Structures are given as structure tokens and as C-alpha cells.
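Please look at the sequence and structure first.

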Amino acid sequence: MKQYILPSLKLTLVLLVLCSIIYPLFVAAVGKLTPGGGGDGETVKVNGKVVGYALIGQNFTNDKYFWSRPSAIGYNAAGSAGSNKGPTNPDYLKQVQNRIDTFLVHNPGINKKEIPAELVTASASGEDPDLSPAAAKVQVKRIAAIRHLHENKLNSLVDEHTDGPLLGFMGPSKVNVLKLNIALDELK
Amino acid sequence: MNTELIGVIITFLVTILLAVPLGKYIAKVFAGERTLMDFMNPLERFIYRICGIDPIKSMNWKEFLKAMLTINLLWFVYGFILLIYQGHLPFNPDGNPDQTPDLAFNTIISFVTNTNLQDYSGETGATYLTQLFLFTFLQFTSAATGIACLIALFNGFKEKTTDKLGNFWSIFIKSITRLLLPLSIVLAIILAFNGTPSSFKGKDTIITLQGDTQNVSRGPAAGMIAIKQMGTNGGGYFGANSAVPFENPNYFTNVIEEISILLVSIALIFALGFYLKKKKLAYVILGVMTFFFILFCINNIYFETKGNPEIDRMGIAQNIGAMEGKEIRFGSASTAFWSVATTSTSNGSVNGMHDSLMPLSGGVVMLDMMINALYGGVGVGLLNYFIFIIIAVFISGLMVGRTPEFLGHKVEAREVKIAAIVTLLSAFLIKGGTALAAYILVHHANADWAEKPSAWLNNPGYHGFSEMLYQYTSCNANNGSGFEGLGDNSTWWNVSGGIVMLLARFLPIIGPVAIVGLLANKKYIPESAGTLRTDSTTFGVMTIAVIVIVTALSYFPPLVLGPIAEHLSMHAH
């Protein structure tokens, strides 16, 4: 055994330098060159004031904004998590039903079968920054009434902020909620 | 066809296309032929010199395993100490605490064994020091350990008769310098340019547009995520793993990470073909694995895109699938594909929560881990598959009345016994562990423990049983994903999970390497008309049958009690 201990020890030290010092420092150095955050995470500013991280979703519960999806952590991005609820869990199903009821109260004129399921189910990270286009559009009626705006104008705002599939043919379409709401505030 | 499905199909095809040249490259590296990465030569010679390693000295199977086990033991001691004192050590900007001894026991085993089960959450349970000097380090070294042991198998069958399997140190080092490190750098740069943090800035606090206070965890994540995917490790920088936008910012990175999960494991199959000059054997192996893989993908994509029937009953629109525990930017098809990829390869990273998968999707990812050889972890996947080959050779030998042989070496009682023990071990650990946990939960639910067993489960009924079954299955497969609702940071789960991971890592490495050592040492029998060819489609079908029989017989009962029962109950009313 002894003939293996010394090389093990030395090799561990050498590889610590290579994998735990040189490698991350190199990646951090490259990260400095990236556009946006320079490796710190890109922030979004309104009038020079940081209002959020571009990639991290945030809570929107106010009726005048497009709501985000439910989050198991209330969008506290200090500790990401999903709900981990199983599909047949009765408490979970009750919770979803409550979210549907709440949504209907806040969105008069919307029929239950128009509510997209993603708007009443929690995301995996608890920090999902996006909505599906359908989940944004179902909220247009409410926001138009509160802000006294034309529904068509809001629908085209959602369309403008919809990112289509990658290269036009891979993956889903999505709308970034923070950017959409910033644009909403800027609408006259 | 919809864009989500096209995305998945293209991802898989690109993976296979990339794996062919990478496999060729890997074969060249370990055969000592010239490659593009030869500029690493001086670095490797430098490492050999200061570590006192003679890279030319070839080892027999016992020496090879001793070297491998010694360095792994050293990492265990080093890591345990680091974890229980991490709160007092530097590079802890968020002020996170020490790990408790039982948690540290679980965590260090988890990373040494390439499992990366995380009973802690990355944002609060680790420091920058442990993330880099322990987790990132072990993500490289545990993956390289697996690859080295597979190369030993390659070497054993390259010569007609040999007792030498190569130099562990040299193969191990080259796996890092020529394979894992360059691939990780490429992936880390792609991630960094898409917005994954790479700097050492600590947690940030901001005021959101609506006026709430929001904390945002950051840190040197890009590098760790790269090696976590390339080395089939799976342990994320952040708690919710690759579902977190910082770990996986968009659909493009999602595709790249999916490719990375599968790439090295599949490339190693091609490498086997190139290295042994037995391409047909490699194609048969790839074919068998891909057969199961595609079957599993179809199942999971079907159920996840179809959505939760319980939610359909509420009368709302479920057009983009079962979105509980999924992210909009990936969609349900891609999350379903990822769930199969990550459990096939013993990676264990997730881009959606497995606890919230539909019952039969959850069942399939468990089955995937129970087989644990469909591509499998880097290196160890093929070693596991080798065990199935030995059993298939043995059974088909008996059926046709010939002496079983593999690549010109007689397979005899000793080798088959080892193979049988390795196979039975998994069934014992998974079912034994789950049975024990279920017993304690039922009969000692309110035991006077720090965390009462009654608080373990996040979901009642069949699904709760699945949470426990999944945990042991994941530990046994050295996978590391979880039905994360399980309260696994408690003494019972930390300790029992740790023991399962440890046994399930090293015995299935020692077993196959020992078999290779024994076989390679035997007299070479040239192929004749009477040889049962292992590179034929017939033998491939035979291997499929063996895998089905071994896993179906072993695991059907617990799968019925968990996922299948849940599925039936869901459709019963």
C-alpha cells in the first residue's frame, strides 16, 4: 500500500492546483469578457436603477402587472427549489384549485378553460423568469381594464416580447415577465 | 411535428454525431497515438516527475485497483475534514455553516463516488472553498477514476494474453488533461457567454420592479456546471440544479447541456470499437443501449407532454404539458428527454423536478437507474454493461451447449460468480434499503430522532413510497438525482444513503476489473466456426433479454407498489 500513498498525496495536491485554482480562475477571467454582467450575472436597469437580474424571475402579484408563475420559494433566489409535489397529492391538487379560484376572482370575464396550467403550477427552480405566450395573453383583459389601455395594444406588446423557438424550429416560445412588465410601465 | 419534439430529436442526433469523432480521439489518446492535444505532454511529464510516477510501468489488475482505491480513500479523508470545518475556513462570503458529521459523511461519499447526491442545498450548505476545492475537484477526479478503470478493460482485451492493464496514474491523469478539462473549458465558456455567473461575487440583494426585496445567490458556477455534465457527476452549484436560470439560461444552453450529459459516455462506446478494432461489437452495444433509451424517451415524452389528468379534471387548459416542476424555457418534451438522459448516464443533474413527474415517467427513470448501464456513467457505464455481457455469454453458452467465451477468453465459474454477485448487490441494496426505511416509517414514525421519520415524506400514499425507492435507487446507481421532496438531510438518510453509494460504487468497479484481469490472463482461443459471436445482432437481442429478465424479475414488485400503483389510481376515477 505504501508505494501508492505518496503518489496519491502528491497527485491530489497537483490536481487541486489544476482543477480547483487554475481552471475556475481561467473561467472567471473569460467570464469578465462576457457582455452583460462580466460573470457577475446580468442586471436589468430602469432609469439607472437595478430592478432585477435578467435571468432570474421575480414575484409579480400586483394586478397591474403580468403575474409570474407560482414559486415554491416565493422568488427568493437565495435558495432555489421546486415544490416537489407529486401529481396525485391531494393537498397539492387543492392548492392548484385555489390558485385557479384566485385567478378567476382577479380576472373577471375569463373562462376557466382559458387558464393555462403553467400559470397555476410551480416552476422547477422557483425562479422561472418566463411565461408561455398563452399565460401572458390570458392576463391582458385584467391589465387593460386597470391601466385603461386597449387590449389589442397589450396583445401586440406580448407578441413583441415573445421569443420564438431556437433558430425558429427547436423548443418552446416564451415571454420574459420582467422585460414585459418594464415595457408595460413605459406604455403611454 | 411541434418544435419541442424537433428540438429533442435534433439534440440526440447531434450527440451521436459528435460522439463518433470524440470516441476516435479517446482511442488515440489511450493508445498513445498522436492527437491535437499533444501540447499537454510537457504538463503531464511535469506531473509524473513531481509525483514520482513512472507512466510506462504497467500494472496487473490488483496493483491497478490498489492505486485506484488508495487515492480515493485519501479524498474521502480530506473531504470529510474540509466539510465539517467549512464554516470556519476562508472563501465563505455568504457565511454558511459547517456540515454536521452525518451530512459530511454523505456528502463526501456522494462526490467521491461520482454520485453527487446533495442532501444540502448549494446556496446555503456549501462554501466557495468546498464548491471549488472539494466538489469541482472531485467531479474531475471521480469521473477520471471511472474512465481509467474502463481503459483497464480496453487494455485487458487488446492483447491476446496479458496480465497488464496499464498504468493507473497515467491513464487517470490523461483522462483529465486530455478529455475532461478541455471539454469542460469549452462548455464553461459557452455557459459564461450565455449568462451563467463565473465570478466570486457573493449574494446580492435588490429591489424588484414591484418593490419587493429579492436575494440572488451567485458565485463561480460556470466551471462547476461544465464538469458536472461532462463527468456524469450531476451535482449542481445551485439547489435546483440545471433548472435554475443561472445554471441553464436558455434553450440553447439546455441543448448543449443535454449533449454534454450523454457525450462522453457514448463516445467511450465508440472508443471501445476503435481501440479494440472491433467496431461491430461497439455498434451492437450502442444498439442495445439505444433501444432502451429511445423506448424510455418515448414513454416520458408522451406522459409529460400529455399533462396531469388530475389537472385536466379541473377544467383548465393544459396545452404545453405537465408544467409542475418544469421551466417554460425548456418545455415538457425537453425536460422528459433530460430525465431519461440523466438517469441513463448516472449523471443525476435535472432541469425539472423528478418528484413532480407523472407516475410512469418517474417509474421509467427509476428503471433506467436500476439497469444503470444504458450508456451509463463515464467509464463505469460500460463496466456495468460488461457484467450483463458476461451473464449473457454464460446463459447463451449453456443454451447452445458451448463453452462460454468473450473475445477469445473462456468465461468460467469464477468470472460468472463475480458477475452474479455484482448484479445481486444492486437488487439487495435498493430493495433492502427501501424495505428497511418503509418499516421504520410505519412502525417507528415518531421515533425520538432529530428528524422524526413521520416528517420524511413530502407526498402521501404510493408517491411517498416512490420517494424512498427513488432515493436508494439513485444512491445505488451513483446517480444523485432525487425525488427531492424527501427530507434527506437527516441522520437516517445521510448514513444509509452514504453506505449504499459507497458499496454500489466500488464493488461494481472492482468486480469487472477483476473479471478482466482474470480473463486477460487466460490462454487466447482463436475464433472458430464454433465460437459464439458477441458482435452479432443475435447476441444483442440476447443481451436485451438478459437485461429485461434480470431487472424485471428484481424490480417489478417495488415498481408496482410505487409508480404503477399511483398511475392506476390516477386513472381509476
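## A bent helix in chain B

In this predicted model, helix 18 of chain B bends by about 55° at Leu559(B). A proline, Pro563(B), follows within four residues of that point.

The end-to-end span of helix 18 of chain B falls short as well. The helix runs over residues 537-572, 36 residues in total. Its end C-alpha atoms are only 41 Å apart. A straight helix would reach 52 Å at 1.5 Å a residue.

## Extent of the A–B interface

Chain A and chain B bury about 8,200 Å² between them. Carbon and sulfur atoms account for 67% of that area. Tyr4(A), Tyr23(A) and Asn84(A) supply 9% of what chain A buries against chain B, more than any other three residues.

The contact draws on 100 residues from chain A and 108 residues from chain B.

## Polar links

There are 43 residue pairs in polar contact between chain A and chain B, counting pairs with both residues at pLDDT 80 or more. The salt bridge count between the two chains is one. Asp40(A) and Lys201(B) form it through their side chains, at 2.7 Å from N to O.

## The chain A side

Which elements of chain A each supply at least two residues to the side that touches chain B? They are helix 1 (2-32), strand 2 (49-53), helix 2 (90-106), strand 3 (130-131) and helix 6 (177-186). Helix 1 of chain A gives the most, with 24 residues.

By residue type, the side of chain A that touches chain B holds 53 nonpolar, 32 polar and 15 charged residues.

Key:
Residues numbered from 1 in each chain as written. Chains lettered and ligands numbered in written order. Predicted model: local features only at pLDDT ≥ 70, side-chain atom pairs only at ≥ 80, totals over all residues. Heavy atoms only, no water. Contact = heavy atoms within 4.5 Å. Buried area = accessible area lost by both parts, 1.4 Å probe. Salt bridge = Lys/Arg side-chain N within 4 Å of Asp/Glu carboxyl O. Polar contact = N/O pair within 3.5 Å; in protein donor to acceptor, adjacent residues only side chain to side chain. Nonpolar A, V, L, I, M, F, W, Y, C, P; charged D, E, K, R; others polar. Expected span 1.5 Å × (residues − 1). Bend = angle between axes of the 7 residues up to and from the residue.
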